Amino acid sequence: MEKVKGKPLLRGALWLGIGTFISKLLGAFYRVPLTNVLGGLGLGLYQMVFPVYALLLDFSGAGIPSALSKIIASNHQEKEKNAFDYLSSGVRLLFLLGVIGSLLMFFLAKPIATLQGNPDAYLGYVFLSPAVFAVCLISCLRGYFQGQMQMSPTAISQIIEQIIKLTFGLLLAKRFMPNVPKAVAGATFAVAISEFVALIYLFIVYKRQKKLKGFNFSFDKKGHKERAKRILKVTVPVTLVGIMIPLSQVVDSFLIVNIINLYRKDATVLYGLLGGVAVTIINLPVSVCYGISAVAIPMVSSSKTQSEKTKSTLKSIFLTFAVALPCALFCFFFAPFIVNLLFRSLPSWQKTVAINLLKIISPSVITLSLLQTTNAVLIAKGKLYTPVLSTLAGVIIKTALNVGLLIVPKLNVYGGAIALNACYFASCLINLILIFKERAKNGNSRAYRRQFAN
């Protein structure tokens, strides 16, 4: 059993890890010519839009891939029919939420941009809004495939997204320059286009697989309510976990820009360097470990014994740490090389700030990678609300530190980087303590049962 279990973990993690890494790498390289076109101000506006976008995605059902993956993997009887029914119920549920999410972003674009401290971000929200709907349906299809341990459709669709975004983003941004707000809107509209193309790809793959396997299932309408309830039961806590980080990033976009604006005139630029440069680079190695966390959910969920669950958990955590540690060291020691390679068009003072920010947040490669893996393990074990509480604790710490540190002119944006480190470290530490505490408890229980039997 162990041998069988090990192969899907590594193979699935490899597929998703490579796919996500390539997509993030393309995204990072995309920032290079995009920064050349938009400049520091344009990059700051572009970066201001995405925390709110990510938050709406989570509200609209970005927890669906993990939820469907867990549910489908744990259904051992009539697995194909169950998978089809849960996918159909998920699509019906997410269709409406996606429409609502897109409309909210469209109609609240002006108030949000104004509250963030720069009304010029308004058009970016408007043209990005259709993407919320597309991602909701993408989430259902990805959850369906991942629940059956098919990671390649998710990986390939992520790469498609980035290629389309890169191509159309640069074309549209150049088309509307030197009008920076319109150029930013063009770049965000490219994101919407990329999501719809990815959706079409996943739908084609699903239809092709259904035809090849000869499935001719009809949707079980009678069981829809029960399936929808079960999906929501898992999705709500998973979504809450997913919301925490984007919500804190939205708060960051308000705090960092508005607080630094009190004593500097380049607050938007500094925020762009933190979120658009340093965090973008950090997300590259973290994206490799995302494959491990995504595979951990169906792997642990489908394990039939406590021993199998423990082995899958330890493998996931160890593999995550083994990948993240050298990446974190590379980001720290080679920060000047990375920034100069990827963002050579930035002015020298901005490069210096970006290098310092990257060095400060390099430990987050380890803690954020472990956080997403441990969250996945806890969700797979049915401890759905534990990651919510641990992530919330980290976000509270980060927000408190942001308020206390950003106000210090000498620290300025570096205070935000320190707060980011503290957030991921605290949340990750809580998860690890709970996981190993449970393992020790289960080990003691088994030892007691053996002693009692003797």
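T167 is partly exposed, with a relative accessible area of 38%. This and every other value below comes from a predicted model. The residue lies in helix α7. Its C-alpha atom is separated by 9.5 Å from that of S194, a residue 27 positions away along the chain.

**Overall content**

The protein chain has 16 helices and 0 strands. Of its 454 residues, 56% are buried. Among contacts with a separation of 6 or more, 84% are between residues 24 or more positions apart.

**Selected residues**

L103 is found in helix α3. With a relative accessible area of 44%, L103 is partly exposed, because partly exposed covers the range between the 20% limit for buried and the 50% limit for exposed. L103 and P130 are 27 residues apart in sequence, and their C-alpha atoms are 8.2 Å apart in space.

L255 has its place in helix α9, which covers residues 224-260. The relative accessible area of L255 is 18%, so this residue counts as buried, the cut-off being under 20%. Leaving aside residues up to four places away in sequence, L255 touches I260, T399, N402, V403 and L406. The C-alpha atom of L255 is also separated by 9.3 Å from that of G416, 161 residues apart along the chain.

| Pair | Separation in sequence | C-alpha distance |
|---|---|---|
| L103 and P130 | 27 residues | 8.2 Å |
| T167 and S194 | 27 residues | 9.5 Å |
| L255 and G416 | 161 residues | 9.3 Å |

**Backbone features in loops**

Two loop residues have backbone features to note. The peptide bond from M177 to P178 is cis, with omega near 15°. P178 is placed in the loop between α7 and α8. N412 has a phi near 35°, which is a positive value in a residue other than glycine. The loop that holds N412 runs between α15 (386-406) and α16 (413-453). N412 is buried, with a relative accessible area of 6%.

**Packing of α6 and α7**

Helix α7 spans residues 152-176 and packs against α6 at an angle of about 145°, the two axes being 9 Å apart. On the α6 side the contact is made by I138, R142, F145 and Q146, and on the α7 side by P153, T154, S157, Q158 and E161. By class, the residues of this contact are 3 nonpolar, 4 polar and 2 charged.

**Nonpolar cores**

The largest nonpolar core has 93 residues, and Y53, Y125, I281 and L357 are those with the most contacts inside it. Helix α10 gives the most to this core, with 15 residues. Another core, of 28 residues, lies apart from it and includes A67, I71, A83 and L199.

Which residues does L357 touch, not counting residues up to four places away in sequence? They are L273, L274, A278, V413, Y414 and A417.

**Pockets**

The largest pocket has a volume of about 260 Å³. It is lined by 13 residues, and F21, L25, L284, F330 and I338 lie nearest its centre. Its lining is made up of 13 nonpolar residues, with no polar and no charged ones. At least two lining residues come from each of α1 (2-59), α10 (267-302), α11 (306-333) and α12 (335-342). The helix that gives the most to this lining is α12, with 4 residues.

The second largest pocket has a volume of about 210 Å³. Its lining consists of F84, L87, S88, V91, L137, L141, L199, F203, Y206 and K210. The elements giving two or more residues to this lining are α3 (79-107), α6 (130-147) and α8 (180-212). By class, the lining of the second largest pocket has 8 nonpolar, 1 polar and 1 charged residues.

Helix α6 gives residues to the lining of the second largest pocket and packs with α7.

Note on methods: Residues are numbered from 1 along each chain as its sequence is written. This is a predicted model: local features need pLDDT of at least 70, side-chain atom pairs count only at pLDDT 80 or more; totals for chains, interfaces and linings use all residues. Side-chain values use heavy atoms; hydrogens and water are left out. On a 1 Å grid over the protein atoms alone, a cavity is a set of points where a 1.4 Å probe fits but cannot get out, and a pocket is an open set with protein on both sides within 12 Å along at least five of seven lines; lining residues have an atom within 4 Å of a point. Grid points are joined across faces, edges and corners, and a volume is the space filled by probe spheres set on the points. Ala, Val, Leu, Ile, Met, Phe, Trp, Tyr, Cys and Pro count as nonpolar, Asp, Glu, Lys and Arg as charged, and the others, Gly among them, as polar. Axes are lines fitted to C-alpha atoms, for helices over the stretch in contact, and angles run from 0 to 180 degrees between N-to-C directions. Contact means heavy atoms within 4.5 Å. Buried means under 20% relative accessible area, exposed over 50%, partly exposed in between (1.4 Å probe, protein chains only). A nonpolar core is a set of buried Ala, Val, Leu, Ile, Met, Phe, Trp, Tyr and Cys residues joined through side-chain atoms within 4.5 Å.
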